[in-house]
Amino acid sequence: MDQSDKLRLLQSYWYSPRRLHDSPTRYDFPGDRFLPNRSLMDLDRAHTLLTNKTTDFKSSKCNEVYQQKLIESQSLNSEGKRIMVFRGSSKSSTKSIRFVDELRQQMAAISDNKSKQAAYRSIPKAEMIVFDAPGLMDDYYVNIMSWGKNNVLAVGLGPTLYLWNSVDQRTHKLFHVREEDNWPTSITWSKETQTLAVGYTCSNLQLWDAESSKLIRSLQGHSGRIASTAWNGHILTSGSRDKSIINHDIRARNHLASCIKKHSDEVCGLKWSNEGDRLASGGSEKQLYIWEASKMSSSKFLHRFTDHCAAVKALAWCPYQHNVLASGGGWNDRCIRIWNTQKGICIHSIETKAQIPGLEWNRHHREILSSHGYSTGEDQNKLCLWKYPSMTKVGEFGNHEPRIINLCQMRLFGFGMFLDPLPLELQWLRIFKVFSLRGIL
């Protein structure tokens, strides 16, 4: 290696970031041409200036005279918002881009104006399909209907459990209970829709394979009727009249994972969050509990809400705000309450003047649908649609002769076999009407 090559190598090493990093001496060097020296940047100050519009930052190094000279030299306006005019834009038409919150307010205002100008979609006035439901239990506390992701509806009519396929519109009888007074009181599809969990009046809990119509397993643990069940992966949670909540691990031979006894009356409502980290349980004693999945074995609840004045059966987790839960009360309460389960506070409460047996969030719009039973007003036996988060009523439909018992939402949309197909955003509403008349809901 000659002298020129050694000099060239020495110069490349002298200006390399590796050499500056290894050297104990601090250099005020701007860094590599592709890697800037971030020590010259005050990232915290930059972030604060972007997000804070009220705090006035002043530096001792720059007095007011210097700042005024700087503003005049850079052609800034008196508020310090205008840096340059791009492509001849007039000063009055140049908007500030200094604060992120100002941009957000502008976008929110534009969105609100568009939503006000656009006409709201129409609410369906008539049902698509009506089914007779002989033997349907007129019991507010049971949950005898579940719609799986396989487009199959499971519904219990007395001692018989039926499966209805919404694609080919065929009905299949899964089983018929021969024992008297031991009817299905809770029906829930698993997430993969391979297994159907069925709770009974006489404390039995069974797992059924819908495709083969065979009983897979019987789970023991309760001493009263099982009115509510909820899936969380391989964990099946059941609530009973014996005031207990049991988590069953269906993979294990000893399926009893944990047992909780905090409710003082029948557990009539269970719902796992979409992330599977929290469980909401409602009881006939007017209390609502929030449980963390990681701490259920210790029976320590995260929150306990006592605002309702009647049994809490209707529960629904918000699909676009993971910590928001909606709950509905019975006859003596008649209120829909929206909870922030992270802070443990009620953020909304609306009086519906009617019993609330079911709640379902709309996955395509910020809305929630409520079903109603006995009422003190005109909302008896109806379905009401509410806009979230204002909780203003969008509309109501359905004049049911009997009260509504259950409410469920179709998970997949396949209405090609139906007459008068609807747009996607309306299908979720019409499908409730399919089963809401004549007592099927």
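A nonpolar core here means a set of buried Ala, Val, Leu, Ile, Met, Phe, Trp, Tyr and Cys residues joined through side-chain atoms within 4.5 Å. Keep that in mind as we walk through this structure, which is a predicted model.

Let's start inside. The largest nonpolar core has 18 residues, and Leu161, Leu163, Phe175 and Leu196 are those with the most contacts inside it. Which elements give two or more residues to this core? They are β2 (152-157), β3 (160-165), β4 (171-176), β5 (184-189) and β6 (195-200). The largest share, three residues, comes from β6. Apart from this core lies another, of 15 residues, with Ala314, Trp386, Tyr388 and Met391 among them.

Now zoom in on Leu161. Leaving aside neighbours within four places in sequence, Leu161 is in contact with a list of residues including Ala154, Val155, Phe175, Ile187, Leu196 and Val198. His172 and Lys173 are on that list too.

Move along to the loop between β3 and β4, and you'll find Ser166. Is Ser166 buried or exposed? Its relative accessible area is 0%, so Ser166 counts as buried. The side chain of Ser166 reaches the backbone oxygen of Asn151 at 2.9 Å.

Next, take a look at an open sheet of four strands, ordered β21-β22-β23-β24 with antiparallel pairing. β21 (358-361) and β24 (392-397) stand at the edges with a single partner strand each, so one side of each has no neighbour in the sheet. From one strand to the next, the twist averages 20 degrees. Four bridges join β21 to β22 (residues 367-371), and Gly358 has Ser371 as its bridge partner in β22.

Time for some backbone geometry. Most residues other than glycine have a negative phi, and most peptide bonds are trans. Against that background, Tyr388 and Pro389 are joined by a cis peptide bond, with omega at about 10 degrees. Pro389 sits in the loop between β23 (383-387) and β24, while Tyr388 belongs to the core of 15 residues.

Two non-glycine residues with positive phi are also worth a visit. Ser213 has a phi of about 55 degrees and is found in the loop between β7 (205-209) and β8 (214-219). Arg334 has a phi of about 60 degrees, and its loop lies between β18 (324-329) and β19 (335-340). Ser213 is partly exposed, because its relative accessible area is 25%. Arg334, at 18%, is buried, since the cut-off for buried is under 20%.

Notes. Residues are numbered from 1 along each chain as its sequence is written. This is a predicted model: local features need pLDDT of at least 70, side-chain atom pairs count only at pLDDT 80 or more; totals for chains, interfaces and linings use all residues. Side-chain values use heavy atoms; hydrogens and water are left out. Buried means under 20% relative accessible area, exposed over 50%, partly exposed in between (1.4 Å probe, protein chains only). Contact means heavy atoms within 4.5 Å. A polar contact is a pair of N or O atoms within 3.5 Å; within protein, one must be able to donate a hydrogen and the other to accept it, and residues adjacent in sequence count only if both atoms are side-chain atoms. Two strands pair if DSSP finds at least two bridges between them. Axes are lines fitted to C-alpha atoms, for helices over the stretch in contact, and angles run from 0 to 180 degrees between N-to-C directions.
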